[in-house]
Amino acid sequence: MESGEGDSMKRVNQIVEQSITALAELGNIESRTQFGGYALAVERVVFAYINDDTLYLRASEALRHYAAQRPLELLVYRKRGIPVTLSYFRVDQVLWQDRAQLVRLSASSLQAAQKDAATKSGSPRLKDLPNLSLRMELMLYKAGISTVQLLQEMGSRRSWLKLQRVNRHIGLKTLLALEGAISGHHQAALPDDVRQALCQWYQELLRQPAAKRPLIT
């Protein structure tokens, strides 16, 4: 009996590790025990759940659309013996094998969870937006961008230029993170055309002498 329980716990831990590794693009993923399984969260925002060696993703618009084309099981757990269905979709083997799709859908789950958390907490702070950590919020403050509205008005490119005056080590990843924060996407789930346009702008900017780059005040 004890050996079986130990083997089960080991398998669950392996699924946790596998999930965190596969979804590393989403940020610093932490796990904690919850309802007899494991909740996965980024900055305390839960976007996935592991139950009986299976990964489930929080419902999102993109995930619902995917599940309409490829039906996925919903998470069902028992509360005091009564089955309760949660809005979490099962990641099956087909989805596990399509890593790019898995990351994109997981990013949409995280985005939906972050949006819900921001709505419940009232007016969102910069760090409540997708991709933006407390460190990034403080850096934006230092650059003179102190509100979500101001960030949205300035746009990702102008905001990046202001940030670069504060921290010259930022690069393309920060630009994509800002765009995702403004548009409501995790940077891994940005539309391809938007990503390509930003990459092209960034590469063209790098080719310019520093003295000729746009100055934003």
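Tutor: Contact means that heavy atoms lie within 4.5 Å. The model here is predicted: local features need pLDDT of at least 70, side-chain atom pairs count only at pLDDT 80 or more, and totals for chains, interfaces and linings use all residues. Residues are numbered from 1 along each chain as its sequence is written, and side-chain values use heavy atoms, with hydrogens and water left out.

Student: Which residues is Ala39 in contact with, leaving aside its neighbours within four places in sequence?

Tutor: With those neighbours left aside, Ala39 is in contact with Glu30, Ser31, Arg32, Gln34, Val46, Ala48 and Tyr49. Ala39 lies in strand β2; helices (H or I, at least four residues) and strands (E, at least two) are DSSP runs, numbered from the N terminus. Leu55 is 16 residues from Ala39 in sequence and 9.6 Å from it in space, C-alpha to C-alpha.

Student: Is Ala39 buried or exposed?

Tutor: Buried means under 20% relative accessible area, exposed over 50%, and partly exposed in between (1.4 Å probe, protein chains only). Ala39 has a relative accessible area of 1%, so Ala39 is buried. Val42, also in strand β2, counts as buried because its relative accessibility is 8%. Not counting residues up to four places away in sequence, Val42 touches Leu26, Asn28, Ile29, Phe47 and Leu110. Of these, Ile29 is 13 residues from Val42 in sequence, with 4.9 Å between the C-alpha atoms.

Student: How many bridges join β1 to β2?

Tutor: Strands of a sheet pair through backbone hydrogen bonds, either parallel or antiparallel. Here two strands pair if DSSP finds at least two bridges between them. Strand β1 (residues 29-34) and strand β2 (residues 37-42) run antiparallel and are joined by 6 bridges.

Student: What is the strand order of the whole sheet?

Tutor: The order is β1-β2-β3-β4-β6-β5, an open sheet of 6 strands with antiparallel pairing. β1 and β5 (74-79) are the edge strands, each pairing on one side only. On average, neighbouring strands are turned by 40° against each other, direction ignored. Inside the sheet, β3 and β4 pair in the antiparallel sense over 4 bridges, and Ile50 stands opposite Leu55 in β4.

Student: Which strands does α4 lie across?

Tutor: Axes are lines fitted to C-alpha atoms, for helices over the stretch in contact, and angles run from 0 to 180 degrees between N-to-C directions. Helix α4 lies across β2, β3 and β4 and runs at about 50° to β4. Helix α2 lies across β4 and β6 (82-90), at about 95° to β6.

Student: At what angle do the axes of α2 and α4 cross?

Tutor: They cross at roughly 135° and come within 7 Å. Therefore α2 is oblique to α4; angles under 35 degrees count as roughly parallel, over 145 as roughly antiparallel, 65 to 115 as roughly perpendicular, and the rest as oblique. Where they meet, Ala62, Leu63 and Tyr66 in α2 face Gln101, Arg104, Leu105, Ser108 and Ser109 in α4 as contacts.

Student: Which residues have the most contacts inside the largest nonpolar core?

Tutor: A nonpolar core is a set of buried Ala, Val, Leu, Ile, Met, Phe, Trp, Tyr and Cys residues joined through side-chain atoms within 4.5 Å. The largest one has 31 residues, and Leu23, Leu40 and Phe47 have the most contacts inside it. At least two residues each come from α1 (2-22), β2, β3 (45-51), β4 (54-58), α2 (61-69), α3 (93-97) and α4 (99-120). α4 gives the most to this core, with 6 residues. Apart from it lies another core of 24 residues, including Leu129, Leu163, Leu176 and Leu178.

Student: Where does Ser159 lie?

Tutor: Ser159 lies in helix α6. Its relative accessible area is 0%, so Ser159 is buried. Leaving aside neighbours within four places in sequence, Ser159 is in contact with Ile145, Leu151, Met154 and Leu178.

Student: What covers the buried residues of α7?

Tutor: The cover includes α5 (134-142), α6 (148-166) and α8 (192-207). The buried residues of α7 are Thr174, Leu175, Leu176, Ala177, Leu178, Glu179, Gly180 and Ala181. Just after α7, Gly184 takes a positive phi of about 85°.
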